[in-house]
Amino acid sequence: MADAGSFDHTKYRAYPALSLKDRTWPDQQLTKAPTLCSVDLRDGNQALVKPMNVEQKVKMFKLLVKLGFKEIEIGFPAAAQPEFDFARRLIEENLIPDDVTIQVLTQAREHLIERTFESMVGVKRAIIHVYNSTSTVQREQTFGMSQDQVSDIAVQGAKWVQDYAAKYPQSEWAFEYSPESFTGTEVDYALEVCNRVIDVWQPQQGRHVIINLPATVEMATPNVYADQIEYMCRGLHQREHIAVSLHTHNDRGCGVAATELGLMAGADRVEGALFGNGERTGNMDLVTLAMNFYSQGIDPTLDFSDVQEMIDVYTECTDLPVHPRHPWVGELVYTAFSGSHQDAIRKSLQYHNDHQVPHWEVAYLPINPADLGRNYEAVVRINSQSGKGGVAHVLERDYGIELPKWLHGHVSKVVQSVAEKAGAEVSSAQIKALFDEHFLAIPQSWNLSGYDLTSSAQATQATFRIEATEPLALKGVGQGALEALADAVGKHFQVSVKVTQFDEHALRQGTDSDAIACLSIDVDGIESVAVAIHEDTTTANLQALLSAVGRVSAQLPG
């Protein structure tokens, strides 16, 4: 056998698939969200380097309630005094809303079950979650017990839970059983153990019973887990009277996928944690699962409309970051740096603005970021990989400056050059400053101070006054003011000035809006581009041309 420290795949063996030839789950479609139970305060908390204190747990509990969770596992109150104290505080300070059910975990040991019920005295309604490990490895290597001995522990635990519940008739009790490490347990044996527990609790008599089937360690592909869940759903006693719950971990990175397939296989309920917090690679991520439903037009029963508040409370209480690429809610998940992506997003958003589109269908944005409280500043961000459409989108989005398409490349070239030299992202403010400097700013001595126009049927004759080192007056003739100014400049400098691209429009709707003029000129083969903004449309047009000439004036004769 290879050394234990070597990278040698032969020391592992494939997980045996379940032979379920008549499986039905692949043909199912999810149409409603399951009951969602947060285990952030128990499973998530025990995985932290520094577990939450009582104040932090209260803050997290209030967040979970605000998000809309109706079932919340608050801890393992028999395991530690802070856990017990937290449970008491929730009950004694009436912090549990009437429509929220808390859940507490305990091993199938009598003194722990007794202590658990003590922590729940006075609660209106609670789920007592009892478990014992049933896996082959645990039976053989940890406990040294037979199948019958391990199943007897489960049955005895179920009886103790039932007996202690009877001592507190003022509270409404629901019972939950987990064969811990279900995925490491022979499926027929797991079914046998669960049915023995169900037979003790008699859910057909009105008791709310949950059978939780945890992938405590994720061992196989999600389809195998789905087969196991369908097999269990077929064989569980009193199936119509119990809730089948899933509790997947993420050891193979497939926790959410396994849960979704498990729901297709017949499960009714899901346990997980925000952002997948949990032991090893984490619990199933409730945020991703809920948003997956949301993106399909299904009510997830949770409200993530202020995702930043959720992230802030989570990071404060757990001292864990949220990855910027985290599905749905990471800082960068709605951000496009790629030029082609930016152009597609800009055009698609414009299409939505211009047409009555019945459903959200925007390129590269599976949902509207605004639904999560994200603004559109994060959608398009600029670095050296960005294209001309992205830069134009930022100017339009943040400053209301809509540029004609022919100008996009000119502006992008300036911005991209800065990004390449810096090797970093260029901010919106930097883009605006570069636009102002290279296109909008009036070159020194090229400010239009006034003009006089005389129009006739043949042409427009004009005099233009320019604030130069020495006040300059130019005269020209043309079919309109802009052509007359080009003629005047050409005569004065003895060059040919031709307008090759021109666009002028209002910056915003309304009669008091400024006009923006954008143009490109050819001066004896030299291209120059400029933009001008002014409350008077004609002045904006003329200033744009003068600014364009001014940008190449050093290359002009005389």
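This report describes the domains, a helix contact, salt bridges and selected residues of a predicted model.

## Domains

The domain assignment of the protein chain divides it into domain 1 (34-318), domain 2 (339-372), domain 3 (388-438) and domain 4 (447-555). Between domain 2 and domain 3, the C-alpha centres are separated by 21 Å. Six residues from domain 2 and seven residues from domain 3 take part in the contact. Together the two domains bury about 470 Å², and carbon and sulfur atoms give 54% of this area. On the side of domain 2, the most area is lost to domain 3 by Gln 342, Arg 346 and Lys 347, which together account for 71% of what that side buries. The number of salt bridges between domain 2 and domain 3 is zero.

## Contact of helices α3 and α4

Two packed helices are described by the angle between their axes and the distance between the axes. Helix α3 (residues 81-92) and helix α4 (residues 110-119) have axes that come within 9 Å and cross at roughly 35°. From α3, the residues making the contact are Gln 81, Phe 84, Ala 87, Arg 88 and Ile 91, while α4 supplies Arg 115, Glu 118 and Ser 119. By residue class, the contact of α3 with α4 consists of three nonpolar, two polar and three charged residues.

## Salt bridges

The count of salt bridges comes to 25.

| Glu 71 | Arg 269 | 2.7 Å |

Glu 71 forms its salt bridge with Arg 269. Because Glu 71 belongs to strand β2 (residues 71-75) and Arg 269 to strand β8 (residues 269-272), the pair ties together parts that are 198 residues apart in sequence. Both Glu 71 and Arg 269 are buried.

Arg 139, at 5% relative accessibility, counts as buried.

Arg 397 counts as partly exposed at 22% relative accessibility, and Asp 398 is partly exposed with a relative accessible area of 23%. Elsewhere, salt bridges that share partners join Glu 71, Glu 176, Arg 269 and Glu 271 into one network.

## Residues with positive phi

Most residues other than glycine have a negative phi. Asn 94, although not a glycine, has a positive phi of about 55°. Asn 94 is located in the loop between α3 and β3 (101-107). Its relative accessibility is 67%, so Asn 94 counts as exposed.

Tyr 364 is likewise not a glycine and has a positive phi of about 65°. This residue is placed in the loop between α12 (339-354) and α13 (388-399). With a relative accessibility of 48%, Tyr 364 counts as partly exposed.

Ser 520 is part of strand β13 (residues 515-523). At 1% relative accessibility, Ser 520 counts as buried. Apart from neighbours within four places in sequence, Ser 520 is in contact with Trp 406, Lys 498, Val 499, Thr 500, Gln 501, Glu 527, Ser 528 and Val 529.

Lys 475 is found in strand β11 (residues 472-478). The relative accessibility of Lys 475 is 63%, so this residue counts as exposed. Apart from neighbours within four places in sequence, Lys 475 is in contact with Ala 462, Thr 463, Ala 488 and Lys 491. For Lys 475 and Ala 462, the separation is 13 residues in sequence and 5.7 Å in space, C-alpha to C-alpha.

Notes
Residues numbered from 1 in each chain as written. Predicted model: local features only at pLDDT ≥ 70, side-chain atom pairs only at ≥ 80, totals over all residues. Heavy atoms only, no water. Axes fitted to C-alpha atoms, helices over the stretch in contact; angles between N-to-C directions. Helix = DSSP H or I, 4+ residues; strand = E, 2+ residues; numbered from the N terminus. Contact = heavy atoms within 4.5 Å. Nonpolar A, V, L, I, M, F, W, Y, C, P; charged D, E, K, R; others polar. Salt bridge = Lys/Arg side-chain N within 4 Å of Asp/Glu carboxyl O. Buried < 20%, exposed > 50% of the residue type's maximum accessible area, 1.4 Å probe, protein only. Domains from an automatic or database assignment. Buried area = accessible area lost by both parts, 1.4 Å probe.
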